[in-house]
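Here is a briefing on one protein chain.

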Amino acid sequence: MSSLERSWKNGLFKPILFCLFFITSLILFTLPANKVPRVYWLDIPNFDKIIHAGIFASLCITAYLWLSHFYPKSEKKIAVIIVIVMAAYGIAIEFIQATFIEGRSFEALDIAADFTGCIIFLLCRPLLKLF
């Protein structure tokens, strides 16, 4: 077993992975509207909602991999708590954008997309037990 595999099995990379996803999401969600990266060649209506769902699914998955490693007997409770915390994070981000971020606004569809990402996590949870 390589040192990378050992580090994954020992749980050393899991909190780092979650923190990287969380910090990246926080930076992206708090950028002013004119600084948000655009994909000009990809013209899909509401594509940002797909991005929101993907980000929140990734946040939930990485948090779950981290926390369930250390508390395996409580993994169902952990999953529920993660969904609640991430849903609250998504709602808070929308209020922060509307109040403090130039050119950004509150969008209920973003909250729905965030929650969809949390549901995707719950659907993928049986597969995550393999990791």
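Accessible areas come from the Shrake-Rupley method with a 1.4 Å probe, and for residues only the protein chains shown count as cover. On that basis the chain has an accessible surface of about 8,400 Å², with 72% of it belonging to carbon and sulfur atoms. The model is predicted: local features need pLDDT of at least 70, side-chain atom pairs count only at pLDDT 80 or more, and totals for chains, interfaces and linings use all residues. Residues are numbered from 1 along each chain as its sequence is written, and side-chain values use heavy atoms, with hydrogens and water left out.

**Overall fold**

- The chain has five helices and zero strands; helices (H or I, at least four residues) and strands (E, at least two) are DSSP runs, numbered from the N terminus.
- Along the sequence the pattern reads α-α-α-α-α.
- The C-alpha trace spans about 50 × 30 × 25 Å along its principal axes.
- Of the 131 residues in the chain, 31% are buried; buried means under 20% relative accessible area, exposed over 50%, and partly exposed in between (1.4 Å probe, protein chains only).
- Contact means heavy atoms within 4.5 Å. Among contacts between residues at least 6 apart in sequence, 74% join residues at least 24 apart.

**H2 against H3**

- Helix H2 (residues 13-29) packs on helix H3 (residues 47-70) at an angle of about 155°, and their axes are 8 Å apart. Axes are lines fitted to C-alpha atoms, for helices over the stretch in contact, and angles run from 0 to 180 degrees between N-to-C directions.
- H2 and H3 are therefore roughly antiparallel to each other. Angles under 35 degrees count as roughly parallel, over 145 as roughly antiparallel, 65 to 115 as roughly perpendicular and the rest as oblique.
- The H2 and H3 crossing is left-handed: the near helix is turned anticlockwise from the far one by less than a right angle, while clockwise would be right-handed.
- Residues of H2 in this contact include Phe18, Phe21, Phe22 and Phe29, and those of H3 include His52, Phe56, Leu59 and Trp66.
- By class, the contact of H2 with H3 holds 13 nonpolar, five polar and one charged residue. Ala, Val, Leu, Ile, Met, Phe, Trp, Tyr, Cys and Pro count as nonpolar, Asp, Glu, Lys and Arg as charged, and the others, Gly among them, as polar.

**H3 against H4**

- H3 and helix H4 (residues 75-100) cross at roughly 145°, their axes coming within 10 Å.
- This crossing of H3 and H4 is right-handed.
- Among the H3 residues in the contact are His52, Phe56 and Tyr64; H4 contributes Ile82, Met86 and Tyr89, among others.
- The contact of H3 with H4 has eleven nonpolar, three polar and two charged residues.

**Single residues**

- Phenylalanine 29 sits in helix H2 and counts as buried because its relative accessibility is 5%.
- Beyond its neighbours within four places in sequence, phenylalanine 29 is in contact with His52, Ile55, Phe56, Tyr89, Ile93, Gln97 and Arg104.
- Phenylalanine 29 and arginine 104 are 75 residues apart in sequence, yet 9.3 Å apart in space, C-alpha to C-alpha.
- Aspartate 110 belongs to helix H5 (residues 108-128). With 3% relative accessibility, aspartate 110 counts as buried.
- Not counting residues up to four places away in sequence, aspartate 110 touches Asp48, Lys49, His52, Glu94 and Gln97.
- Glycine 54 lies in helix H3 and, at 31% relative accessibility, counts as partly exposed.
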